[in-house]
Amino acid sequence: MDMGLPHRKQGTGSTHHTAPAPTSQPPTPHPPSAPSAPLPPPPTAPPGGSGSIPAPRGMEAGSAGPPPMPPSAPQAGPPLADWLRLPRPEAAPGIWRCGYKQRPPEDPERTPARQLVSGALISFLMGWLLWSLLWNGYLGSYWRWPLLAVMPESWREREADNTLYLFATYLYSGAILLGLAIFFGRIGRWDELARRVWARVKGDRGPQSGGFVPDEMAAAGPQQAPVPPPHLDPVQWPELRAGGAGEAAERLAQELLTGRMTDVDHARIDRAWQAVRARPQRLEAFVESVLAQGAAACGHPSGARDLPVRAARHDLPLRQVRIGRAADSERNPHEYRGAGIALDPSLLGTSALAVGPPGTGKTSKLARPVVESLCLQALAGQTAVIAVSPAGSHFVPDDSFDLVVRLGHPGSSHDLDLYGGTTDPDEAAGMLAEALVGDLVAALPGGDSRRAATSLAQLIGPFAVVHGRFPAVPELRELLDGAPGALDALREALRADGRQAQLRELDAFERQSGRAGDVAALLADRIALLDRPAFADFFLPEGSPSAEGRRPFSLRALEHPLRVRIDLPERGHAEASRILARLILAQFTECAVARGDQSLFACLVLDDAAQTITPQALRGLQRLRSVHAGVLLTLRALDDVPEPLRGPLLGAVGCRMVCAGVTPWDAERFAEVWGTEWVQTRTVTNRQLVSDEPVTRVLHAVRRLATGKHVTAESVTVRSEQRERWSASDLANELQPEHAVLSVTTVRGERTPPILTKLGE
């Protein structure tokens with residue numbers, strides 16, 4: 001277990017401790033979050049009401065219950081303070097850094113423990129036998145000649161009664177014994193054995209245990225991390241004191257030491273302080289807010305200060321979430337063996353792809369921890385997260401989000417903006433064309449969706465000019481079908497307004513209709529999948545008469561720390577679900593790039609991204625790294641991606657993970673991406689010795705008679721050659737259940753080799 005924060009369940013305004021999720025070791029205790037006064041409304045809201053953040057159910061202020069009974073006796077110090085003081089040294093990308101200890105350098109000459117013990121025991125027995133023979137006189141008394149040569153004659157008289165003689169004899173014997181011990185100790189390497197035994201007694205397993213987290217703090221009883229100097233102690237908020245907010249630092253330190261602050265509060269206030277440093281004019285307002293509200297200052301617009309349930313281990317100061325532990329295996333790089341494996345925005349910013357059959361942990365041990373971490377970071381004002389999953393999966397509870405969009409469900413309180421909140425017809429047409437026919441670009445004229453986007457723009461633009469809004473799904477279907485009444489009415493309205501440019505667009509669309517290569521019919525067939533009774537109350541554009549009382553969510557709200565989950569109607573409308581998934585991916589890439597404020601990390605988690613990868617989507621993924629955004633995709637198999645795009649997809653994402661149970665042809669793709677490395681191979685050759693010497697032949701015959709084998713000579717050849725880091729056969733056949741092989745890349749370009757990881761540890 002790690003020193004990340006514990007699994008806990010939070011109710012309305014107070015914390016209720018429950019049994020943690022089953023783990024190999026008990027979780028670290030953490031102070032409960034205290035009830036707080038209602039927080040002020042957000043300073044700004046997304047345009048059009050599309051990004052409003054309602055308070056989650058069960059998190060309204062002022063509904064605090066009775067305080068829970070303490071789970072154990074009071075400890076010597078608040079756990080949050082000890083946790084903040086844990087060392088977080090620099091480490092290789094992907095390593096869980098909370099309390100991490102660097103693995104000692106690998107010793108290629110290290111003797112195995114069994115061989116070391118046996119050698120020490122044999123040398124001890126040999127030394128003891130030699131000393132016994134000397135002491136009992138079986139080897140004569142010559143070993144005493146040096147003593148007798150320097151001993152006075154008077155000492156030799158009455159040897160049994162001469163104290164000096166006895167003293168000199170025992171002293172000389174002790175010196176001989178010490179010499180034998182040193183001689184045989186060097187042969188048996190007793191000093192090395194003693195060092196290893198002492199290290200094991202102290203609990204430090206040295207190179208065998210790898211990098212590890214000292215996560216036994218809770219299990220071993222109350223312990224405190226070393227208290228650093230005040231100017232380095234995170235509990236005392238030294239940054240605030242140095243920046244002129246001493247009163248706020250005193251208040252926050254008191255809140256932390258008395259247990260009224262959570263890790264989310266700490267991260268949120270630290271984020272607010274970074275904003276104050278960028279704009280010093282906000283310092284006075286920041287100090288006033290902290291003095292008035294304490295740990296609840298600078299709150300999230302929803303008023304939530306934590307998630308109701310945590311199923312993973314998080315380190316918010318570093319924004320890491322732990323997903324597993326690297327196996328202590330020779331297949332892993334030396335510094336990763338035994339270390340925790342974690343993800344953070346610096347890795348997710350290069351986008352990630354996980355491939356594995358159902359039940360291998362893609363959702364429960366990767367997507368859920370990542371979404372949970374991003375939701376916590378959103379509460380801290382650091383991230384905007386959009387989680388997309390099939391309806392009914394609910395891999396993260398509803399109460400962890402600000403809003404839940406259930407497409408096709410009559411009880412959904414929010415709608416999805418079909419046009420991504422844009423007012424530009426060409427941009428809206430491009431995103432919609434990508435969603436409708438992006439998976440069919442290989443069969444389209446020109447090999448992409450540009451012609452489809454042009455056809456849509458030729459209808460959406462004139463319609464928006466006449467009606468002041470974009471068309472709803474039924475209206476767009478009528479226009480694409482070429483219904484005479486719809487097109488004629490639109491043309492008459494344009495002529496009445498004198499919109500000649502828009503008339504030319506509409507005329508161009510009509511000229512293309514019915515010709516070879518026309519995509520309007522295909523677009524009409526695809527948009528018909530969204531024109532179903534289940535979606536009658538959805539995808540209504542703003543300004544539509546039927547949209548009164550509906551609140552469409554637009555991905556233009558990514559500039560705000562939102563937590564949004566979108567449920568797709570996978571069960572009854574599979575093809576429509578794929579269209580909507582492509583639409584959300586296209587809108588996310590466009591809106592993330594178009595953000596004016598890119599200080600927030602924006603992330604889209606798309607659970608089950610089958611049939612959503614298109615050439616345009618790959619181009620969008622490559623642009624996200626430079627705009628502080630990323631996408632996490634999960635796939636059952638690479639067969640869900642068109643054959644020409646499988647290689648480019650693996651090249652476009654920086655973090656790749658393959659789970660146990662993949663097919664050999666999928667494993668071959670990953671093996672090709674991870675490439676080869678130089679390794680040293682040893683070839684041992686045995687050849688039979690044949691001699692013409694009579695004596696040698698007799699000796700060889702005796703040895704053969706005794707051992708039953710021919711006398712041979714062994715030759716060893718060492719050479720360097722290139723081998724695959726992980727072969728397709730290894731990935732497809734040797735991965736154990738709940739294991740995965742992953743590699744990560746940072747936004748700065750640092751890469752790691754593939755790492756064998758046990759998920760969930």
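Residue C298 is partly exposed in this predicted model, with a relative accessible area of 26%, whereas C375 is buried at 0% relative accessibility. Here buried denotes under 20% relative accessible area, exposed over 50%, and partly exposed the range in between (1.4 Å probe, protein chains only). A search of the whole structure returned zero disulfides, a disulfide being a pair of cysteine sulfur atoms within 2.5 Å.

The model is predicted, and local features require a pLDDT of at least 70, side-chain atom pairs count only at pLDDT 80 or more, and totals for chains, interfaces and linings use all residues. Residues are numbered from 1 along each chain as its sequence is written, and side-chain values use heavy atoms, with hydrogens and water left out.

The chain comprises 761 residues, of which 47% count as buried. Its accessible surface amounts to about 36,300 Å² (Shrake-Rupley method, 1.4 Å probe; for residues, only the protein chains shown count as cover), and carbon and sulfur atoms contribute 55% of that area. The secondary structure consists of 24 helices and 18 strands, assigned as DSSP runs numbered from the N terminus (helices, H or I, at least four residues; strands, E, at least two). Among contacts (heavy atoms within 4.5 Å) with a separation of 6 or more, 76% join residues 24 or more positions apart.
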